[in-house]
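Hi,

Here is the structure I promised to pass on to you.

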Amino acid sequence: INAAGTVAASSSLDSTIRLWDLDSCKQIKSIDAGPVNCWSVAFSPDGQYIGSGSHSGKINLFGRESGKLEQSLDTRGKFIMSIAYSPDGPFIACGGIDGIVWIFA
(Lines give C-alpha, C1' and ligand atoms only; values in the text may rest on other atoms or scores of the structure.)
Protein backbone atom coordinates (compact mmCIF):
# COMPACT_ATOMS: atom_id res chain seq x y z
CA ILE A 1 0.00 0.00 0.00
CA ASN A 2 1.36 3.40 -0.92
CA ALA A 3 2.13 5.99 1.76
CA ALA A 4 -1.10 7.89 1.08
CA GLY A 5 -3.14 4.72 1.62
CA THR A 6 -4.91 5.08 -1.71
CA VAL A 7 -3.27 2.42 -3.91
CA ALA A 8 -2.33 -1.20 -3.25
CA ALA A 9 0.09 -3.29 -5.31
CA SER A 10 -0.21 -7.05 -5.66
CA SER A 11 1.96 -9.69 -7.28
CA SER A 12 0.80 -12.97 -8.73
CA LEU A 13 2.12 -16.20 -10.19
CA ASP A 14 1.41 -14.94 -13.71
CA SER A 15 4.29 -12.43 -13.21
CA THR A 16 2.00 -9.44 -13.15
CA ILE A 17 2.07 -6.51 -10.74
CA ARG A 18 -1.39 -5.05 -10.38
CA LEU A 19 -2.24 -1.68 -8.89
CA TRP A 20 -5.60 -1.27 -7.16
CA ASP A 21 -7.49 1.88 -6.24
CA LEU A 22 -8.51 1.30 -2.63
CA ASP A 23 -11.51 3.65 -2.77
CA SER A 24 -13.17 1.99 -5.75
CA CYS A 25 -11.59 -1.48 -5.30
CA LYS A 26 -10.81 -1.50 -9.03
CA GLN A 27 -7.62 -2.36 -10.85
CA ILE A 28 -5.99 0.77 -12.25
CA LYS A 29 -2.80 -0.62 -13.81
CA SER A 30 -1.19 -3.89 -14.80
CA ILE A 31 2.60 -4.21 -15.13
CA ASP A 32 4.22 -7.20 -16.83
CA ALA A 33 7.14 -8.19 -14.59
CA GLY A 34 8.46 -10.89 -16.95
CA PRO A 35 8.41 -14.65 -16.70
CA VAL A 36 8.26 -15.90 -13.08
CA ASN A 37 9.78 -12.68 -11.83
CA CYS A 38 7.31 -11.20 -9.39
CA TRP A 39 7.01 -12.71 -5.91
CA SER A 40 6.83 -9.77 -3.53
CA VAL A 41 6.19 -6.05 -4.00
CA ALA A 42 6.62 -2.79 -2.10
CA PHE A 43 6.03 0.88 -2.89
CA SER A 44 8.86 3.36 -2.51
CA PRO A 45 8.03 5.93 0.21
CA ASP A 46 7.44 8.63 -2.43
CA GLY A 47 5.14 6.28 -4.39
CA GLN A 48 7.11 6.72 -7.63
CA TYR A 49 8.48 3.16 -7.80
CA ILE A 50 7.35 -0.36 -7.09
CA GLY A 51 10.05 -2.77 -6.01
CA SER A 52 9.56 -6.42 -6.89
CA GLY A 53 11.44 -9.42 -5.55
CA SER A 54 12.16 -12.04 -8.18
CA HIS A 55 12.70 -15.77 -8.43
CA SER A 56 16.13 -15.09 -9.97
CA GLY A 57 17.43 -13.18 -6.92
CA LYS A 58 16.94 -9.69 -8.31
CA ILE A 59 15.04 -6.67 -7.07
CA ASN A 60 13.35 -5.03 -10.03
CA LEU A 61 12.25 -1.41 -9.72
CA PHE A 62 9.34 -0.36 -11.91
CA GLY A 63 8.08 3.18 -12.48
CA ARG A 64 4.59 3.47 -11.05
CA GLU A 65 3.32 5.70 -13.84
CA SER A 66 5.30 4.25 -16.76
CA GLY A 67 5.13 0.60 -15.74
CA LYS A 68 8.63 0.21 -17.15
CA LEU A 69 11.58 -1.52 -15.53
CA GLU A 70 13.77 1.35 -14.30
CA GLN A 71 16.53 -0.55 -12.49
CA SER A 72 17.48 -4.05 -11.45
CA LEU A 73 19.54 -4.86 -8.33
CA ASP A 74 21.24 -8.26 -8.27
CA THR A 75 21.70 -10.08 -4.97
CA ARG A 76 23.44 -12.99 -6.69
CA GLY A 77 21.25 -15.05 -4.43
CA LYS A 78 18.08 -16.98 -5.01
CA PHE A 79 14.36 -16.36 -4.84
CA ILE A 80 13.61 -13.04 -3.10
CA MET A 81 10.84 -13.75 -0.59
CA SER A 82 10.36 -10.25 0.86
CA ILE A 83 11.21 -6.66 0.05
CA ALA A 84 10.88 -3.38 1.97
CA TYR A 85 11.96 0.22 1.60
CA SER A 86 13.26 2.21 4.54
CA PRO A 87 10.65 4.79 5.64
CA ASP A 88 12.82 7.71 4.49
CA GLY A 89 13.55 6.04 1.14
CA PRO A 90 17.28 5.60 0.53
CA PHE A 91 17.49 1.90 1.40
CA ILE A 92 15.86 -1.25 0.07
CA ALA A 93 16.09 -4.47 2.05
CA CYS A 94 15.22 -7.93 0.83
CA GLY A 95 15.35 -11.43 2.17
CA GLY A 96 15.89 -14.53 0.09
CA ILE A 97 15.17 -18.20 0.37
CA ASP A 98 18.89 -18.70 1.01
CA GLY A 99 18.53 -16.94 4.39
CA ILE A 100 20.54 -13.86 3.40
CA VAL A 101 19.27 -10.31 3.91
CA TRP A 102 20.54 -7.73 1.45
CA ILE A 103 20.41 -3.95 1.90
CA PHE A 104 20.91 -1.62 -1.07
CA ALA A 105 21.49 2.15 -0.96
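**What turned up**

Isoleucine 1 counts as exposed because its relative accessibility is 68%, where exposed means over 50% relative accessible area, buried under 20% and partly exposed in between (1.4 Å probe, protein chains only). Before I go further, a word on the source: this is a predicted model, so local features need pLDDT of at least 70 and side-chain atom pairs count only at pLDDT 80 or more, while totals for chains, interfaces and linings use all residues. Residues are numbered from 1 along each chain as its sequence is written, and side-chain values use heavy atoms, with hydrogens and water left out.

Back to isoleucine 1, which sits in the segment before strand 1 (7-11). Strands (E, at least two residues) and helices (H or I, at least four) are DSSP runs numbered from the N terminus. Beyond its neighbours within four places in sequence, isoleucine 1 makes contact with Val7, Ala8, Leu22 and Phe43; contact here means heavy atoms within 4.5 Å.

**The overall picture**

The protein has 10 strands and zero helices, and from the N terminus its elements read β-β-β-β-β-β-β-β-β-β. Its radius of gyration is 13 Å, which agrees with the value near 13 Å for a compact globule of 105 residues; the radius is taken over C-alpha atoms, and the globule rule is 2.2 Å times the number of residues to the power 0.38. Along the principal axes, the C-alpha atoms fill a box of roughly 40 × 30 × 20 Å. Of the 105 residues, 41% count as buried. Among contacts with a separation of 6 or more, 29% are between residues 24 or more positions apart.

**Aromatic pairs**

You will find two aromatic pairs in the structure. Rings of Phe, Tyr and Trp (its six-membered ring) pair if their centres lie within 6.5 Å, and planes under 30 degrees apart count as stacked, over 60 as edge-to-face and the rest as tilted. Tryptophan 39 and phenylalanine 79 form a tilted pair, because their ring planes meet at 50°, with the centres 4.8 Å apart. This pair links distant parts of the chain, 40 residues apart: tryptophan 39 is in the loop between strand 3 (26-32) and strand 4 (40-43), and phenylalanine 79 is in the loop between strand 7 (69-74) and strand 8 (80-85). Tryptophan 39 is partly exposed at 32% relative accessibility, whereas phenylalanine 79 is buried at 17%.

The other pair, tryptophan 102 with phenylalanine 104, is stacked, at 6.1 Å centre to centre and 15° between the planes. Here tryptophan 102 is partly exposed at 31% and phenylalanine 104 is buried at 17%.

Phenylalanine 79 also touches residues elsewhere, including Ser54, His55, Gly57 and Ile97. Its C-alpha atom lies 8.0 Å from that of lysine 58, 21 residues away in sequence.

Serine 40 lies in strand 4 and is buried, at 9% relative accessibility. Leaving out residues up to four places away in sequence, serine 40 touches Ser11, Gly51, Ser52, Gly53, Ile80, Met81, Ser82 and Ile83.

**The largest pocket**

How much space lies in the largest pocket? About 190 Å³, where a volume is the space filled by probe spheres set on grid points joined across faces, edges and corners. A pocket is an open set of points on a 1 Å grid over the protein atoms alone, where a 1.4 Å probe fits, with protein on both sides within 12 Å along at least five of seven lines; lining residues have an atom within 4 Å of a point. The lining has 13 residues, and Leu61, Tyr85, Gly89, Pro90 and Ile92 lie nearest the centre. It divides into nine nonpolar, three polar and one charged, with Ala, Val, Leu, Ile, Met, Phe, Trp, Tyr, Cys and Pro taken as nonpolar, Asp, Glu, Lys and Arg as charged, and the others, Gly among them, as polar.

Best wishes
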